[in-house]
Amino acid sequence: MSQPDYQLSRNAFGRLVFVDKDQQVHEGIVPVRAFPITASDQGIALVNAHGQELAWIECLAELPEEFRVLLETELANREFMPEIKCIDKVSSFVTPSTWWVKTDRGDTTFMLKGEEDIRRLSSTALLITDSYGIHFLIRDRSMLDRHSCKLLDRFL
């Protein structure tokens, strides 16, 4: 683990502060994952309020613990992507339809506008976007129960 040539902290308002090697201070920086689903702990950019990249992090595990904890906390606060564990029912097999699902963050319902809102990420992973733009992840559809798979297959 090498020490980065910058400093990272949180200010009194809870915003991330980045101080580069030239002691230039950037407030309100945002960590952005390059591959949020397939490689969530690798390839993270720290960008300023104007979208300019200030630093690139190859792997979170290589950072000092205090930096890693700050970034993991900030990423968790920014990213909201519930993982679907079970599909209880759907209102109809034509879109738009309402889905009742169990996620890792509790039970919820959402409206699926069209089949195009279900994207294949890999042979087993799917990303479903509801009518409000919230993304729901199915990490491995082969791990869903039989009833959930049957309902999902109607839309694929």
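1. A residue counts as partly exposed when its relative accessible area falls between the limits of under 20% for buried and over 50% for exposed. In this predicted model, Asp88 has a relative accessible area of 29% and is therefore partly exposed. Lys102, at 34%, is also partly exposed. The two form a salt bridge, with the closest N and O atoms 2.9 Å apart. Because Lys102 lies in strand β8 and Asp88 in strand β7, the pair ties together parts that are 14 residues apart in sequence.

2. Strands β7 and β8 belong to an open sheet of three strands, ordered β7-β8-β9 with antiparallel pairing. β7 and β9 are the edge strands, each pairing on one side only. On average, neighbouring strands of the sheet are turned by 30 degrees against each other, direction ignored. Seven bridges join β8 and β9, and Trp100 has Thr109 in β9 as its bridge partner.

3. Helix α2 lies across β7 and β8 and runs at about 65 degrees to β7. Apart from neighbours within four places in sequence, Ile87 contacts Trp99, Trp100 and Val101, as well as His147, Ser148, Leu151 and Leu152.

4. The largest nonpolar core has 16 residues, of which Ile84, Ile87, Trp99 and Ile128 touch the most other members. At least two residues of this core come from each of β7, β8, β9, β11, β12 and α2. β7 supplies the largest share, three residues. A second, separate core contains 15 residues, among them Ile29, Leu46, Leu60 and Leu63.

5. Strands β5 (residues 42-47) and β6 (residues 53-59) pair in the antiparallel sense over five bridges. Gln42 has Cys59 in β6 as its bridge partner. The two strands form a hairpin with five residues between them, and Gly51 in the turn has a positive phi of about 85 degrees.

6. The whole structure holds six salt bridges. One of them joins Arg139 and Glu83 at 3.3 Å, N to O. Arg139 lies in the loop between β12 and α2 and Glu83 in the loop between α1 and β7, so this pair ties together parts 56 residues apart in sequence. Arg139 is partly exposed at 43% relative accessibility, whereas Glu83 is buried at 13%.

7. Within helix α1 (residues 65-78), Glu65 and Arg68 are three residues apart, about one turn of the helix. Their salt bridge has its closest N and O atoms 3.9 Å apart. Glu65 is exposed at 55% relative accessibility, while Arg68 is partly exposed at 23%. Through shared partners, salt bridges join Glu65, Arg68 and Glu72 into one network.

Methods. Residues numbered from 1 in each chain as written. Predicted model: local features only at pLDDT ≥ 70, side-chain atom pairs only at ≥ 80, totals over all residues. Heavy atoms only, no water. Core = buried A, V, L, I, M, F, W, Y, C linked by side-chain atoms within 4.5 Å. Buried < 20%, exposed > 50% of the residue type's maximum accessible area, 1.4 Å probe, protein only. Helix = DSSP H or I, 4+ residues; strand = E, 2+ residues; numbered from the N terminus. Contact = heavy atoms within 4.5 Å. Pairing = 2+ DSSP bridges. Axes fitted to C-alpha atoms, helices over the stretch in contact; angles between N-to-C directions. Salt bridge = Lys/Arg side-chain N within 4 Å of Asp/Glu carboxyl O.
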